[in-house]
Amino acid sequence: MNYLDRFRDIDINLVKGMFAEIITFRQAVKIMEVCGTHTRAIFESGLRELLPENITLISGPGCPICVTPQIYIDTAIELARRRDVIIVTFADLFRVPGSRTSLQQLKGSSSDIRVISTPLEAVKIAVKNIDQEIVFLAVGFETTAPVIALSVLEAVKLKLSNYSLLVSLKTMPAVIKRLISDKDLAVDGFICPGHVSTIIGSQPFNFIADEYNLPAVIAGFERVDIIRALAKILKMIKDSNLKVENLYNRVVKTEGNLKAKSIINEVFEPVDNTWRGLAEIANSGLGLREKYRDFNAEKRFVLKSTPQRQVSNCICGDILKGKKTPYDCQLFAKNCNPLNPQGPCMVSEEGNCHIYYEYRR
């Protein structure tokens, strides 16, 4: 049995016992999974169809591409039109529509846009194209922040003057606070993001129970992880024993990954940040520290502020807040599909609309 199989070796009797606790729970509750990978795991397992009607799962803003505001996409497109700039980006962001076009559509013209899998590849591109400005589209959560920070440190080491970041890095705890504060949403518990927690640890989520008296668990991504997480949240509600529990301790530590956090803190600092559909949230993002300001594309280039043009009838904002589902959208599976996305939630494989489309009824 290999290492991965150990996590997938399911004790059927244990699962049956946990599921019995779930289906016999009688109170009406809404539980939000914040991470897009959790949403995909839930759909892949068919778990939603097995739950009783009183238990509602809500998909939150756990896709970094989806919560990136449209003005960021438009700014990236503006930079891509410059002849002296090479845009370097992750694959998902490549297809996200801006006000009038996307990076993918622009690549067919004279723009030099390159898709990579790691920011360190962007540094290599900067080394090979010293007469060009290399702008990496630094989008993501705490999970990708360490390697993006490493790219800056590597650029410093190599004394590169042609490498910069267009930053839209976001952090999870602050957005969960915003969601809890939304009385219209009224979430009863949270499945906290596993990938993010491997970096920041479990401790930053303790406020969910300590300040708001709500249950939460940090969970892995196997089917049994999700079932265990739901059973644990429902038991905490039933017993009025509301706390934050780490059920992913095979990977997540209380203090997180100290080395990764140190690298993040060296290069970035907390800043206010704008989330698509959620407006600006205080201290919910990461910005370059003053000592690394030369790597800030927004300071390096003179950028225009262009009016935003929203796609008519696209409700990605409400979907990201958990107030609506993709089935509520007039465009879903019609004008909007993975081959012709009208909004960011249909682009990324972690996007709610993309997942709902793939597993649609």
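**View 1. Ile-86 faces Ile-134 of strand S5.** Strand S3 (residues 85-89) and S5 run parallel, joined by 4 bridges. Two strands pair if DSSP finds at least two bridges between them. Helices (H or I, at least four residues) and strands (E, at least two) are DSSP runs, numbered from the N terminus. This is a predicted model, in which local features need pLDDT of at least 70, side-chain atom pairs count only at pLDDT 80 or more, and totals for chains, interfaces and linings use all residues. Residues are numbered from 1 along each chain as its sequence is written, and side-chain values use heavy atoms, with hydrogens and water left out.

**View 2. S5 is covered on both faces.** One side carries Glu-133, Val-135, Leu-137 and Val-139. The other carries Ile-134, Phe-136, Ala-138 and Gly-140.

**View 3. S5 also runs parallel to S6.** Here 7 bridges join the strands. Val-135 stands opposite Ser-164 in S6.

**View 4. The largest pocket has 25 lining residues.** A pocket is an open set of points on a 1 Å grid over the protein atoms alone, where a 1.4 Å probe fits, with protein on both sides within 12 Å along at least five of seven lines; lining residues have an atom within 4 Å of a point. Val-167, Ser-168, Asp-272, Asn-273 and Glu-298 lie nearest the centre of this pocket. S10 gives the largest share of the lining, 5 residues.

How values were computed
Buried < 20%, exposed > 50% of the residue type's maximum accessible area, 1.4 Å probe, protein only.
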